[in-house]
Amino acid sequence: MTSMISLTLNGEPRRVAPGASVAGLLAELGLDAGKVAVERNLEIVPRSTFGAVVLGEGDRLEIVHFVGGGQDDGWTVAGRTFQSRLIVGTGKYKDFAQNAAALAASGAEIVTVAVRRVNVMDKGAPLLTDYIDPKKVTYLPNTAGCFTGDEAVRTLRLAREAGGWNLVKLEVLGEARTLYPDMAETLRATEVLVKDGFDVMVYCADDPIAAKKLEDLGACAIMPLGSLIGSGLGVQNPVTIRMIIEGASVPVLVDAGVGTASDAAAAMELGCAGVLMNTAIAEAKDPVLMARAMKLGVESGRLAYLAGRMAKRRYADPSSPLAGLI
């Protein structure tokens, strides 16, 4: 596998091929070179030199353009940029209509979709695509329910054939009781899928060593579990999640275990690029309202991370000045 160069693009880790130029990166991102400005290591790159400036290891790039006020910062995975940092699932809802309403309230631009057999006995059964348009929302096929790497690879190859999707989410489960990832099978399947041309976002254990191995195999995003799938327990190991983020040059998203908006905010405050959830919204008493809450939780957590929290202290520190007391 060709060694890739690691750099930082608009505050997010990214890897590019050796010898890539600024012009090549803009083309990969689908950006018009005439409509953006580029800063490299705090120096403006003249537009006339975009083709000649070669990117190097550790470069810090800022690519900017004009936008309306109040737009949130985006994130990029596999060359695609999204504004929403919330990814939602499409399972457990009362019906597809409720799912679509919750998606709209969440503001999410990516939805995970499971690959299942067609119901040949009822050709009139409703389809998810009738309610959530894959031309307007990015479908992220996943391998929910797969317990071997071979099953997962087969499933995603079928998904690509069905919809042409290369950006996929891999999860290989170890057992039905915990739905904890089988990391040996996950690593093996990641290697196969990357070689097969997939852009693989990988559900994994909150293990910094395993996460780095996945990235080295070519995973385009690392997705450690916050806690067990469907548990609603929130982020149980924030220290290891933060270690994964610090060691990664690809986006890290918390996947699984979020129960309410404060859990989503806590994950984002760690520096995650995003959060993926399904049960927390679908099993809420009001899924549409919870979807809105999750949107705000992700946004507030991101803003808090960017702002930088105050230092923790052992003792009190008065907020009002003591000088001039009566």
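Which residues does Gly79 touch, not counting residues up to four places away in sequence? I looked this up in what is a predicted model. Gly79 touches Arg14, Glu28 and Leu29.

**Entry: Gly79.** I placed Gly79 in the loop between strand S6 (75-77) and strand S7 (80-82). Gly79 is buried, with a relative accessible area of 12%. I then took the C-alpha distance from Gly79 to Gly247, and found 20 Å. The two glycines are 168 residues apart along the chain.

**Entry: Thr143.** Is Thr143 buried or exposed? Its relative accessible area is 0%, so Thr143 is buried. I listed its contacts, leaving out residues up to four places away in sequence. Thr143 touches Ala152, Thr155, Leu156, Lys169, Leu170 and Glu171.

**Entry: H3 and H4.** I looked at how helix H3 (residues 149-163) packs with helix H4 (residues 183-195). The angle is about 35°, and the axes are 8 Å apart. I noted the crossing of H3 and H4 as right-handed. On the H3 side I found Gly149, Asp150, Val153, Leu156 and Arg157. They meet Glu185, Arg188, Ala189, Val192 and Leu193 in H4.

**Entry: salt bridges.** Side chains of opposite charge can pair when their charged atoms come close. I searched the whole structure and got 16 salt bridges.

I opened Glu12 and Arg85, whose closest N and O atoms are 3.1 Å apart in a salt bridge. This pair links distant parts of the chain, 73 residues apart. Glu12 is in strand S2 (residues 12-16), and Arg85 is in the loop between S7 and strand S8 (86-88). Both Glu12 and Arg85 are buried.

I turned to Lys92 and Glu283, which meet in a salt bridge at 3.7 Å, N to O. Lys92 lies in the loop between S8 and helix H2 (96-106), and Glu283 in the loop between helix H8 (279-282) and H9, so the pair ties together parts 191 residues apart in sequence. Glu283 counts as exposed at 54% relative accessibility.

I also checked Glu215 and Lys212, a salt bridge with closest N and O atoms 3.6 Å apart. Both lie in helix H5 (residues 208-217), 3 residues apart, about one turn of the helix. Glu215 is buried at 2% relative accessible area, whereas Lys212 is partly exposed at 33%.

**Entry: surface patch.** I found Leu303 in helix H9 (residues 287-307). Leu303 is exposed, with a relative accessible area of 55%. With Tyr305 and Leu306, Leu303 forms a nonpolar patch on the surface. Together they have about 310 Å² of accessible area.

Conventions
Residues are numbered from 1 along each chain as its sequence is written. This is a predicted model: local features need pLDDT of at least 70, side-chain atom pairs count only at pLDDT 80 or more; totals for chains, interfaces and linings use all residues. Side-chain values use heavy atoms; hydrogens and water are left out. Patches are made of residues with over 30% relative accessible area and no salt bridge: like charges are joined within 9 Å, nonpolar side chains (Val, Leu, Ile, Met, Phe, Trp, Tyr) within 5 Å. Accessible areas come from the Shrake-Rupley method with a 1.4 Å probe; for residues, only the protein chains shown count as cover. A salt bridge is a side-chain nitrogen of Lys or Arg within 4 Å of a carboxyl oxygen of Asp or Glu. Helices (H or I, at least four residues) and strands (E, at least two) are DSSP runs, numbered from the N terminus. Buried means under 20% relative accessible area, exposed over 50%, partly exposed in between (1.4 Å probe, protein chains only). Axes are lines fitted to C-alpha atoms, for helices over the stretch in contact, and angles run from 0 to 180 degrees between N-to-C directions. A crossing is left-handed if the near helix is turned anticlockwise from the far one by less than a right angle, and right-handed if clockwise. Contact means heavy atoms within 4.5 Å.
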